[in-house]
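Biologist: Hi, could you walk me through this one? I'd like to go through the fold together.

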Amino acid sequence: MSHPTLSSQEVARRGKELYQKSIRAKVETQENIGKIISINVETGDYEIGDDLVETSLQLQSKQTDAALWEERIGFDAVYAVSGTLLRTAE
């Protein structure tokens, strides 16, 4: 997603770093594998759900101009287009 002050590359970098360093160990549980996580890369807040739009809107209700990064918990991508999602969680 684009953001007025952060480039797409910076949002991605921050989102991946936050997920790996401080969120992943908390959320990669059996019941969350395959769900969507949206992360506010400026605050570290996150929402987990079954729908990307729903989790994004939940975060934006707290901060309308939030810079968001989304992932599918336990997989290498949110969606697969003409391909297969690769599982990253054990």
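**Sheet, helices and salt bridges**

Modeller: Happy to! Four of the five residues of β3 are buried, so β3 is largely enclosed by the rest of the structure. Buried means under 20% relative accessible area, exposed is over 50% and partly exposed lies in between, with a 1.4 Å probe and protein chains only. Helices (H or I, at least four residues) and strands (E, at least two) are DSSP runs, numbered from the N terminus.

Biologist: Before we go on, what sort of model is this?

Modeller: This is a predicted model, where local features need pLDDT of at least 70, side-chain atom pairs count only at pLDDT 80 or more, and totals for chains, interfaces and linings use all residues. Residues are numbered from 1 along each chain as its sequence is written, and side-chain values use heavy atoms, with hydrogens and water left out.

Biologist: Thanks. In which order do the strands sit in the sheet?

Modeller: The order is β2-β1-β3, an open sheet of three strands with antiparallel pairing. Strands β2 (46–49) and β3 (68–72) are the edges, each pairing on one side only. Neighbouring strands are turned by 15° against each other on average, direction ignored. Two strands pair here if DSSP finds at least two bridges between them.

Biologist: How many bridges join β1 to β3?

Modeller: Five bridges, with β1 (residues 36–40) and β3 running antiparallel. S38 has E70 of β3 as its bridge partner, and N40 has L68.

Biologist: And how many between β1 and β2?

Modeller: Four bridges, again in the antiparallel sense. I39 is partnered with Y46 of β2. The hairpin of β1 and β2 has five residues between the strands, and G44 takes a positive phi near 85° there.

Biologist: Is β1 covered or open, and which way do its residues point?

Modeller: β1 is mostly covered, with five of its five residues buried. I36, S38 and N40 point one way, while I37 and I39 point the other way. In a regular strand, side chains alternate between the two faces of the sheet.

Biologist: Where do the helices lie?

Modeller: Helix α1 (residues 8–27) lies across β1, β2 and β3 and runs at about 120° to β1. Helix α2 (residues 52–60) also lies across β1, β2 and β3, but runs at about 25° to β1. Axes are lines fitted to C-alpha atoms, for helices over the stretch in contact, and angles run from 0 to 180 degrees between N-to-C directions.

Biologist: Which residues of α2 are buried?

Modeller: T55, S56 and L59. Seen down the axis of α2, they fall within an arc of 100°, so they line one face of the helix; the arc is that of the directions from the helix axis to the C-beta atoms. The buried residues of α2 pack against β1, β2 and β3.

Biologist: Okay, on to the core. Which residues make up the largest nonpolar one?

Modeller: Six residues: Y19, I23, V27, I37, I39 and I73. The elements giving two or more residues are α1 and β1, and α1 gives the most, with three. A nonpolar core is a set of buried Ala, Val, Leu, Ile, Met, Phe, Trp, Tyr and Cys residues joined through side-chain atoms within 4.5 Å.

Biologist: What does I37 touch?

Modeller: Leaving out residues up to four places away in sequence, its contacts include Y19, I23, V27, W69 and I73. Contact means heavy atoms within 4.5 Å.

Biologist: Changing topic: how many salt bridges are there?

Modeller: Five, a salt bridge being a side-chain nitrogen of Lys or Arg within 4 Å of a carboxyl oxygen of Asp or Glu. One of them joins E47 and K62, with the closest N and O atoms 2.8 Å apart. E47 lies in strand β2 and K62 in the loop between α2 and β3, so the pair ties together parts that are 15 residues apart in sequence. E47 is buried at 19% relative accessible area, whereas K62 is exposed at 53%. Elsewhere, salt bridges with shared partners join E10, R13, R14 and E17 into one network.

Biologist: What is the N to O distance between E17 and R13?

Modeller: It is 3.1 Å. E17 and R13 are four residues apart in helix α1, and therefore separated by about one helical turn. E17 is partly exposed at 36% relative accessibility, and R13 is partly exposed at 41%.
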